[in-house]
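Me: I am new to this structure. Can we go through it in short steps?

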Amino acid sequence: MEQYKKEFVDFMLESKVLKFGDFTLKSGRKSPFFMNAGLYITGYQLSKLGEFYAKAIHDRYGDDFDVLFGPAYKGIPISVATTIAYDKLYGKEIRYCSNRKEAKDHGDAGILLGSPIKDGDRIVVIEDVTTSGKSMEETIPIVKAQGNVEIIGLMVSLNRCERGKGSKGALEEIKDLYGFETAAIVSMDEIIDYLVEKNVIDDELKARLDAYYEEYGVKEV
């Protein structure tokens, strides 16, 4: 696993964004872990988060794109932080864009925040985590409605490595449905292996994680 991924796992734990315990997800699943990207709240945390996203996007998609689109609401600060980090790390001017939940009819009117999207733009969508792919059902039509654009990929912070709506993982389902690449800074498989090696995950927690993935897990391709 790349060094920046290990640093990202440590960063999630230090920020208390990734927790282990007993959690009930929106899907109703009982999970032994939970990630809440809403807990990145300080300038330092958002600066570091943007750098991790920028490194992962650069590794996966290079820099031949124009816009980072962060769906409301958590995608808004992530997209802003990552555009700043992209300029800092790679000297590349990327525009950020996000959507409003409700269109504004005065002043800076419309459904979008940040940069307009125009014909010919190449776009990377950026999110915190996706479990069912439901947010993409709202996001992709908004982006496509802006013009003749190309979505080259999706980047999330964590691949939970579990089934989406069907038998495949959520990221693979999105790829199959929309035809663009999907990726994560780090996968839960990588996190577990790393934290077992560091003795952060003990035998009891490892057994619970194994049981969870026996029921809900998938191997992402």
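Me: How many aromatic pairs does the count come to?
Reply: This is a predicted model. Rings pair if their centres lie within 6.5 Å. By this rule, the number of aromatic pairs is 12.

Me: Are the rings of Tyr212 and Tyr213 stacked or edge-to-face?
Reply: Their centres lie 5.5 Å apart, and their planes stand at 90°. Planes over 60 degrees apart count as edge-to-face. So the Tyr212 and Tyr213 pair is edge-to-face.

Me: What kind of pair do Tyr212 and Tyr216 make?
Reply: The ring centres of Tyr212 and Tyr216 are 5.0 Å apart.

Me: What separates Tyr212 and Tyr216 along helix 7?
Reply: Helix 7 covers residues 203-216. Tyr212 and Tyr216 are four residues apart in it, so their separation is about one helical turn.

Me: Is Tyr216 buried or exposed?
Reply: Buried means under 20% relative accessible area. Tyr212 has 4%, so Tyr212 is buried. Tyr216 has 15%, so Tyr216 too is buried.

Me: How far apart are the end C-alpha atoms of helix 3?
Reply: Helix 3 has 16 residues, 75-90. At 1.5 Å a residue, helix 3 should span 22 Å. The distance in the model agrees with that: 21 Å.

Me: Which residue follows helix 3?
Reply: Within helix 3, the buried residues include Gly75, Ile76 and Tyr86. After the helix comes a residue with a positive phi, near 60°. That residue is Gly91.

How values were computed
Residues numbered from 1 in each chain as written. Predicted model: local features only at pLDDT ≥ 70, side-chain atom pairs only at ≥ 80, totals over all residues. Heavy atoms only, no water. Helix = DSSP H or I, 4+ residues; strand = E, 2+ residues; numbered from the N terminus. Expected span 1.5 Å × (residues − 1). Buried < 20%, exposed > 50% of the residue type's maximum accessible area, 1.4 Å probe, protein only. Phe/Tyr/Trp six-rings, centres within 6.5 Å; stacked < 30°, edge-to-face > 60°.
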